[in-house]
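The structure is shown first, and the description follows.

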Amino acid sequence: MENFKMIAKTLFGFEDLLAKELQVLGAQEVEKGVRMVSFKGDKGFMYKANLALRTALKILKPIYYFRAYNENSLYKGIQGINWSDYMDVNQSFVIDVTLHSDHFNHSQFIALKTKDAIVDQFRNKFGKRPSIDKDFPDLRINVHIHNDQCSVALDTSGNSLHQRGYRTATNIAPINEVLAAGMLLHSGWDGQGDFLDPMCGSGTILAEAAMIACNIPPNLNRKEFAFEKWADWDNDLFEAIIDSLMKKVREFHYTIKGYDKAPSAVEKARDNIRNANLDDYITIARENFFDTEKDTQGPLHIVFNPPYGERLDIDMERFYREIGDTLKQGYPGTNAWFITANLEALKFVGLRPSRKIKLFNGKLESRLVKYEMYEGSKKAKFQQTAP
C-alpha cells in the first residue's frame, strides 16, 4: 500500500501533542500547522490514526488542490475531480466547508456550488445523480478555501473523533473528550501514579485518564468511521490494526478516583465508565471535594474541570478560594491541574500557578493551570533538594 498525505484537525493548543502522538504511532513527514497536523501514511495507518489518536478531531484525506477566486473557477475546479472514483451514482454525500477568503462570503454558497458541480458531472455521465444526506452520508467531502487556495479532501472519520461512543449520559456542558485527553497529556499524566478528578461530572476526564494509563485506543467504542463506507474498505486490515493496537494495552497498578457531590452526576459517570469497559480501573464516590483530603500514599495527580459562571450559579470568589484552601490543607504531595474560562476567578485561589496554558473550552478562552502542592513548606522542599 502506498503512502498518501493526511491532515489531522485538532483544538487550539494541542498541535504539539498531536504531532507527538502521530510520531509515536509511526506517521511519516509530520508537520504542524494551526489547529492541524499534516502527515503521511498508508490505508492501514489511516485506520490506526482514527482509532488511536487522542487529540485529533478529524482525519482528512486531501484529493485535489486548485485556485478559486470566483463562482466559475470554483465550479470548474470541483469538476476537475473524477467523482465516480470516490462514489457511486446511487450513493449519498454531504459537503463541509471551511472558509477564510476575501473572494467568498458564505460557506453555504460554497457548499451549494460544490454540490452543483458534482451532481452535474454525474448527470452528464449517467443521466442520474447521487443524493445529499446530511445525517448518514456515504461520502463526507471537506472543502477548505484559504484566500484563493482551495483544498478538497475526503473526511475519513465521519462524526468528530471526540464522539468516542462511551458517553451516553451527560450533565450541563460536559467537557469535550478530545479537550479532556489533551489536558491530561499537557499535565504529563502517564498512568504512573494515583489519579483524582474531584469534580468529575459525567466522568469524561476519568475515562480518558484510564485509557491513557492503560494505552487503550480511545475510539474502540465508536459505532463507525466514514471510511467503512468507501469502495476500498478493508475489514480484514481494520481488524488486524485493532489487534495490533490491543497488544500494546498495558497493566495499571494504581488508583483512579472521581468525586462529585451531585448524586445524578455520580450515576451518569458510573454509566459512562461502564459503557467504556473501564469500571475495573475507576471508582466514583459521592463527595464534596471541599470536605475531603488526600487518602493515598505517594504522589497524587489531579486534573479537573470546575464549574464556572456560564454553567452554574455559584459564588465564584468563595468557590475558587475553597479550591485553593482544600488543595493547600488537604492535598500535600499533589500536582493539581484544572481548566477555567473565568480568568478573574483565578486570583481567588490564593496560590501561584507554576504553569498556565491557553486553551479553548468550546468558544470560551480558557487557561489550564497547574498548582504544585509540596509535602511540608515549599521552602523546606527546596532546602532538601539543594546540593
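The structure, a predicted model, holds one cavity of 30 Å³ or more. About 60 Å³ of space lies in this largest cavity. Its lining is formed by Phe195, Leu196, Thr255, Lys257, Tyr259, Glu293, Lys294, Asp295, Thr296, Leu300 and Tyr331. Strand 9 (194-197) and strand 10 (256-260) are the elements that give two or more residues to that lining. By class, the lining of the largest cavity comprises five nonpolar, two polar and four charged residues.

**Helix packing**

| Helix pair | Axes come within | Crossing angle |
|---|---|---|
| Helix 1 (residues 15-25) and helix 2 (residues 43-52) | 11 Å | roughly 130° |
| Helix 2 and helix 7 (residues 235-246) | 10 Å | roughly 50° |
| Helix 5 (residues 177-186) and helix 6 (residues 204-214) | 9 Å | roughly 55° |

The axes of helix 1 and helix 2 cross at roughly 130°, which means that helix 1 is oblique to helix 2. The crossing of these two helices is right-handed. On the side of helix 1, Glu21, Leu22 and Leu25 take part in the contact, and they meet Phe45, Lys48, Ala49 and Ala52 of helix 2. The residues in this contact of helix 1 with helix 2 comprise five nonpolar, no polar and two charged.

Helix 2 also packs against helix 7, where the axes cross at roughly 50°. Helix 2 is therefore oblique to helix 7, and the crossing of this pair is right-handed. Helix 2 contributes Lys43, Gly44, Tyr47, Lys48, Leu51 and Ala52 to the contact, while helix 7 contributes Leu237, Phe238, Ile241, Ile242 and Leu245. Eight nonpolar, one polar and two charged residues make up the contact of helix 2 with helix 7.

The remaining pair described here is helix 5 and helix 6, whose axes come within 9 Å and cross at roughly 55°. Helix 5 and helix 6 are therefore oblique to each other, and helix 5 passes helix 6 in a right-handed crossing. From helix 5, the contact involves Glu177, Ala180, Ala181, Met183, Leu184 and Leu185; from helix 6, it involves Thr204, Ile205, Glu208, Ala209 and Ile212. By class, the contact of helix 5 with helix 6 has eight nonpolar residues, one polar residue and two charged residues.

Technical notes: Residues are numbered from 1 along each chain as its sequence is written. This is a predicted model: local features need pLDDT of at least 70, side-chain atom pairs count only at pLDDT 80 or more; totals for chains, interfaces and linings use all residues. Side-chain values use heavy atoms; hydrogens and water are left out. Axes are lines fitted to C-alpha atoms, for helices over the stretch in contact, and angles run from 0 to 180 degrees between N-to-C directions. Helices (H or I, at least four residues) and strands (E, at least two) are DSSP runs, numbered from the N terminus. Angles under 35 degrees count as roughly parallel, over 145 as roughly antiparallel, 65 to 115 as roughly perpendicular and the rest as oblique. A crossing is left-handed if the near helix is turned anticlockwise from the far one by less than a right angle, and right-handed if clockwise. Contact means heavy atoms within 4.5 Å. Ala, Val, Leu, Ile, Met, Phe, Trp, Tyr, Cys and Pro count as nonpolar, Asp, Glu, Lys and Arg as charged, and the others, Gly among them, as polar. On a 1 Å grid over the protein atoms alone, a cavity is a set of points where a 1.4 Å probe fits but cannot get out, and a pocket is an open set with protein on both sides within 12 Å along at least five of seven lines; lining residues have an atom within 4 Å of a point. Grid points are joined across faces, edges and corners, and a volume is the space filled by probe spheres set on the points.
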